[in-house]
Amino acid sequence: MKKKEIDWRNLGFSYIQTEQRYVSNYKDGAWDDGIMTTDANVVLNECAGVLQYCQACFEGLKAYTTEDGRIVTFRPDQNALRMMDSAARLEMPQFPKERFLDAVTRVVKANAAYVPPYGSGATLYLRPYMFGSNAVIGVKPAEEFQFRVFATPVGPYFNSDAKPVTICVSDFDRAAPHGTGHIKAGLNYAMSLHAIVEAHKQGFDENMYLDAATRTKVEETGGSNFLFVTKDNKIVTPKSDSILPSITRRSLVYVAKEYLGLEVEEREVCLEEVKDFAECGLCGTAAVISPVGKIYDHGKEILFPSAAKGMGPVIRQLYDTLTGIQMGRLEAPKEWIHVIDQEDK
């Protein structure tokens with residue numbers, strides 16, 4: 001497979017249109033068979049449910065080339081299950097897991113020339129998404145929906161070379177108690193846009209959101225889960241019903257326990273105790289795990305000296321082990337790696 005002539009090592013995290021995408025429509029209580037298409041445009045009625053009431057959810061995962069030349073995706077079954085949870089919460093029909101996996105596989109195969117070569121630092125980012133497509137003027141769920149998957153080659157989400165990020169404690173709330181923070185709904189990200197623009201204006205890379213009820217407990221950023229390391233190398237991750245269950249975070253927790261023999265604790269994390277942690281990282285599909293160097297809390301500065309020159313020692317171990325699994329350098333747990341078979345394309 002001849003690769004596209006792209007400067008893989010200098011790709012940013014931005015959209016590049018590829019050749020084919022998957023589309024399936026839901027109507028009269030059933031999903032159609034789905035098709036692959038070269039048309040990147042979505043045509044909707046002006047009163048479509050997604051436009052009027054933001055009835056939409058999405059996922060994000062990657063395809064990449066392993067050390068031995070295979071094209072693979074990482075735990076796509078977990079993305080399928082999480083999207084089913086999102087759809088149920090938003091009164092949308094669930095797209096079956098096996099069909100989700102088939103759609104992802106077909107899109108990767110059709111755009112294999114855009115999968116970056118091993119060692120480039122780039123990946124093929126996959127965006128499955130679903131939205132209400134028929135006209136809805138009263139406040140109610142749509143009756144027709146569209147599920148799509150497109151692909152775009154991307155570079156690192158944050159700056160490369162594991163440069164520590166700086167974040168600030170936000171005055172905005174990301175999610176309400178008993179709200180939709182635990183699902184991957186487009187509306188959750190829309191409300192975070194103003195907050196992230198304001199953070200960038202002040203020179204920060206991201207926001208730290210606190211729980212909306214008491215504003216004393218750490219939740220997550222606009223697009224990543226937190227992972228902390230204590231001074232005695234224990235992993236601590238915040239626990240809350242309004243945190244999105246990151247597949248990357250869950251994978252890092254497994255790696256910490258089963259590969260590195262570290263103790264892991266998922267619990268409520270008070271903002272007051274963050275200063276006592278030795279390391280802090282942001283984890284998610286796009287970044288895997290990025291070290292945090294500083295957190296600003298309304299004039300107070302929390303420093304993580306171990307990130308002065310990049311990743312701290314434990315976060316580096318976690319990153320190297322998980323990416324080693326993803327890239328085929330280390331043996332993966334069962335069903336974590338989904339190989340895209342190019343022979344029957």
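1. D320 and R316 sit four residues apart in helix α7 (residues 313-326), so about one helical turn separates them. Helices here are DSSP runs of H or I with at least four residues, and strands are E runs of at least two, numbered from the N terminus. The two side chains form a salt bridge at 3.2 Å, N to O; the term means a side-chain nitrogen of Lys or Arg within 4 Å of a carboxyl oxygen of Asp or Glu. D320 is partly exposed at 37% relative accessible area, and R316 is partly exposed at 33%. Buried means under 20%, exposed over 50%, and partly exposed in between (1.4 Å probe, protein chains only).

2. This is a predicted model: local features need pLDDT of at least 70, side-chain atom pairs count only at pLDDT 80 or more, and totals for chains, interfaces and linings use all residues. Residues are numbered from 1 along each chain as its sequence is written, and side-chain values use heavy atoms, leaving out hydrogens and water.

3. The whole structure has 14 salt bridges. One of them joins K4 to E19 at 2.7 Å, N to O. Both residues lie in the segment before β1 (21-27), so the pair ties together parts 15 residues apart in sequence.

4. Q55 lies in the loop between α1 and β4 (56-58) and counts as buried, at 8% relative accessibility. The Q55 side chain reaches the backbone nitrogen of A142 at 2.8 Å. Beyond neighbours within four places in sequence, Q55 has contacts including L90, M130 and F145, where contact means heavy atoms within 4.5 Å.

5. L51, in helix α1 (residues 49-53), is exposed at 52% relative accessible area.

Definitions and conventions. Polar contact = N/O pair within 3.5 Å; in protein donor to acceptor, adjacent residues only side chain to side chain.
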